[in-house]
Amino acid sequence: MAFIGYTTQGFILLLAAASLLALSDAKTIVVGGNEGWRFGFNYTEWVLQNSPFYINDQLVFKYDPPSANNPGYSVYLLPNFWSYVTCDFSKAKLLAGANQGGGEGFKVELNQWRPYYFASGDKDGYNCKDGLMKLFAVPLPRWNN
Ligand SMILES: *[C@@H]1O[C@H](CO)[C@@H](O)[C@H](O)[C@H]1NC(C)=O
């Protein structure tokens, strides 16, 4: 080990510390903060303000159940960027229905290095188009993944 200089050792320590930090840093993030998942909140802006996300972070969708003035929200995973842009749900996958946003909310772990496109899918894309209920996130890899 004598041939490893002081600087190299310092650098290795720094890397080790950084990877520990990154590991312990997996976050649980409530989408929209106190606003939750609701009609009319700009989630594109929220993502810009709350990025970056990292692999293994959890997004939590909290939303009200259907009521007289609210036919209900949901969480869909859209297949690609174009379906996200156009709010096209034809190949979307339902992750959480109208009654799954209560209590602690619905949690999704961002466990892959890929783009995630989420949207609320009710009313033929009305939530997504007019209500801005969509978001796009690419979690960044961590040191130890
Ligand atoms: C939502 O926020 C984004 C980013 O700030 C902005 O570009 C967009 O125009 C906003 N949308 C609406 C409908 O305000």
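The model is a predicted one. The protein chain holds four helices and seven strands, and 38% of its 145 residues count as buried. Read from the N terminus, its elements follow the order α-β-α-β-β-α-β-β-β-α-β. The strands described below belong to an open sheet of four strands and an open sheet of three strands.

**The four-strand sheet**

- The strand order in this open sheet is E4-E3-E6-E7, and the pairing is antiparallel.
- E4 and strand E7 (134-137) are the edge strands, each pairing on one side only.
- On average, neighbouring strands of this sheet are turned by 30° against each other, with direction ignored.
- Strand E3, which covers residues 75-78, is joined to E4 by three bridges in the antiparallel sense.

**The three-strand sheet**

- This open sheet has the order E1-E2-E5, and its pairing is mixed.
- Strand E1 (28-30) and strand E5 (106-109) each have a single partner strand, so one side of each is left without a neighbour in the sheet.
- Neighbouring strands here are turned by 25° against each other on average, direction ignored.
- E1 and E2 run parallel and are joined by three bridges.
- Across this pair of strands, Val-30 has Val-60 in E2 as its bridge partner.

**The loop between H2 and E2**

- Pro-52 sits in the loop that links helix H2 (43-50) with strand E2 (58-61).
- The peptide bond leading from Ser-51 to Pro-52 is cis, with omega near 0°.
- Asn-56 also lies in the loop between H2 and E2.
- Asn-56 has a phi near 85°, which is a positive value in a residue other than glycine.
- Asn-56 counts as partly exposed because its relative accessibility is 29%, a value between the limits of 20% and 50%.

- Ser-83 is part of helix H3.
- The relative accessible area of Ser-83 is 5%, so this residue is buried; the cut-off for buried is under 20%.
- The side chain of Ser-83 reaches the backbone oxygen of Asn-80 at 2.8 Å.
- Cys-87 is placed in the loop between helix H3 (81-86) and strand E4 (93-96).
- The phi angle of Cys-87 is near 55°, a positive value in a residue other than glycine.
- Cys-87 counts as buried because its relative accessibility is 6%.

**The ligand site**

- Asn-42, Glu-45, Leu-48 and Leu-132 surround the ligand.
- By class, this shell consists of two nonpolar residues, one polar residue and one charged residue.
- From Asn-42, a polar side-chain atom lies 2.3 Å from an oxygen atom of the ligand.
- From Glu-45, an N or O atom of the side chain is 3.3 Å from an oxygen atom of the ligand.
- The ligand taken alone exposes 360 Å², and the protein buries 40% of that area.

Technical notes: Residues numbered from 1 in each chain as written. Predicted model: local features only at pLDDT ≥ 70, side-chain atom pairs only at ≥ 80, totals over all residues. Heavy atoms only, no water. Helix = DSSP H or I, 4+ residues; strand = E, 2+ residues; numbered from the N terminus. Buried < 20%, exposed > 50% of the residue type's maximum accessible area, 1.4 Å probe, protein only. Near = heavy atom within 4 Å. Polar contact = N/O pair within 3.5 Å; in protein donor to acceptor, adjacent residues only side chain to side chain. Areas by Shrake-Rupley, 256 points an atom, 1.4 Å probe, with all protein chains shown as cover. Nonpolar A, V, L, I, M, F, W, Y, C, P; charged D, E, K, R; others polar. Pairing = 2+ DSSP bridges. Axes fitted to C-alpha atoms, helices over the stretch in contact; angles between N-to-C directions.
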